[in-house]
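Subject: Handing over the structure

Dear colleague,

I am passing a structure on to you, and below it I have set down what was found in it. Please read the notes with the model open beside them.

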Amino acid sequence: MNKAILLGSAGGLAVALAMLAFGFVAGNPQAAKADTVQVVQVTSSTDTKAAVDTKIDRKEVEGIIRDYLLKNPEVLLEVQDALEAKQKEEQRLAALGVIKDSKDEIFNSTFDGVVGNPKGKVTIVEFYDYNCGFCKRAIEDMKALTKSDPDLRFVLKEFPILSPDSQKASVVSMAFHLMKPEKYGEFHTALLGGQGRATEATAIKVALSLGADEATLREKMKDPRIAETLSRTYDLATKLSITGTPSYVVGNEVIFGALGKQVLAEKIEEAKSAL
């Protein structure tokens, strides 16, 4: 069984054969069993064009590929860079669609806390976990951004992914938000910025210090809407390719990781200019 490839130059021969071996042949069991590969090499000059039909043994093809890649290993890096760029662009375009279709769920969920200006012109959404070390450090970015920008609305979206303790702390947090939304910013800062691990017990302690009634708080913790909201957030994060904390949504862009105040400020300004 033979396969035909059209080549434009001698240099392109090795590249095309590499593509054949790692792509076409590797992905096609029937082609992989072929003893020979038919190569049609097109040579051109100012006067004539000729096609030369040549049969190359499979082992010879593999030898050409190996020699070419050993002499030009940078090709593999170029391929890797091109693949990563392609995947990032595909991810960006997919996120655009999700943000458009799930705008209210991302930016206006009833169970999300809001700090800064509740009526701000630009909204940034942070997906966070109370036991995330990077989130603990990033709380200073939130404070600085909301202090310096009176038009910034900063939404806090519970995304407990690190442990059962994180999940229990988030349940307390969301219950407290139902009770005292005006004090949620204080609660969030105290729990996330506190020493030690966030648990149900430490979250309840913070809530009580801010005036919550324990019996009422524990009753609110049973609200089935809390579990439903967390489930929707997990689904939303999956659609946005968010797998870690902190992650942010600003305008039509998803930002992964604790990249610092300066990067977030630049993204916020870009979102403003797009209004």
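This is a predicted model: local features need pLDDT of at least 70, side-chain atom pairs count only at pLDDT 80 or more; totals for chains, interfaces and linings use all residues.

Residues are numbered from 1 along each chain as its sequence is written, and side-chain values use heavy atoms, with hydrogens and water left out.

The chain as a whole

The protein chain has 12 helices and eight strands. Of its 275 residues, 38% are buried, where buried means under 20% relative accessible area, exposed means over 50%, and partly exposed lies in between (1.4 Å probe, protein chains only). Contact means heavy atoms within 4.5 Å, and among contacts between residues at least 6 apart in sequence, 72% join residues at least 24 apart.

Gly196 is found in the loop between α8 and α9, and it is exposed, with a relative accessible area of 54%. Its C-alpha atom is separated by 8.8 Å from that of Asn131, although the two residues are 65 residues apart along the chain. Ser166 lies in helix α7 and counts as buried, at 0% relative accessibility.

Helix α7 (residues 164-179) packs against helix α8 (residues 184-192) at an angle of about 160°, with the axes 10 Å apart. That makes α7 roughly antiparallel to α8, given that angles under 35 degrees count as roughly parallel, over 145 as roughly antiparallel, 65 to 115 as roughly perpendicular and the rest as oblique. The axes are lines fitted to C-alpha atoms, for helices over the stretch in contact, and the angles run from 0 to 180 degrees between N-to-C directions. On the α7 side the contact is made by Ala169, Val172, Ser173, Phe176 and His177, and on the α8 side by Tyr184, Phe187 and Leu191. By class, this contact of α7 with α8 has six nonpolar, two polar and no charged residues (Ala, Val, Leu, Ile, Met, Phe, Trp, Tyr, Cys and Pro count as nonpolar, Asp, Glu, Lys and Arg as charged, and the others, Gly among them, as polar).

The angle between α8 and α9 is about 140°, and their axes too are 10 Å apart; these two helices are therefore oblique to each other. Phe187, Ala190 and Leu191 of α8 meet Thr202, Ala203, Val206 and Ala207 of α9, and by class the contact of α8 with α9 has six nonpolar, one polar and no charged residues.

Salt bridges

The structure holds 11 salt bridges, a salt bridge being a side-chain nitrogen of Lys or Arg within 4 Å of a carboxyl oxygen of Asp or Glu. One of them joins the side chains of Lys157 and Asp112 at 2.6 Å, N to O. This pair links distant parts of the chain, with Lys157 in strand β6 (residues 152-158) and Asp112 in the loop between α5 (103-107) and β4 (113-116), 45 residues apart, and both Lys157 and Asp112 are buried.

Asp165 forms a salt bridge with Arg197, with the closest N and O atoms 3.2 Å apart. Asp165 lies in helix α7 and Arg197 in the loop between α8 and α9 (200-209), so the pair ties together parts that are 32 residues apart in sequence. Asp165 is partly exposed at 26%, and Arg197 is likewise partly exposed at 45%. The side chains of Asp223 and Arg225 meet at 2.8 Å, N to O, where Asp223 is buried at 17% but Arg225 is partly exposed at 41%.

The loop between α11 and β7

Most residues other than glycine have a negative phi, and most peptide bonds are trans. Ser241, in the loop between α11 and β7, has a positive phi near 65°, and a cis peptide bond with omega of about -5° joins Thr245 and Pro246. Pro246 is found in that loop as well, between α11 (224-239) and β7 (247-250).

With kind regards

Methods: Helices (H or I, at least four residues) and strands (E, at least two) are DSSP runs, numbered from the N terminus.
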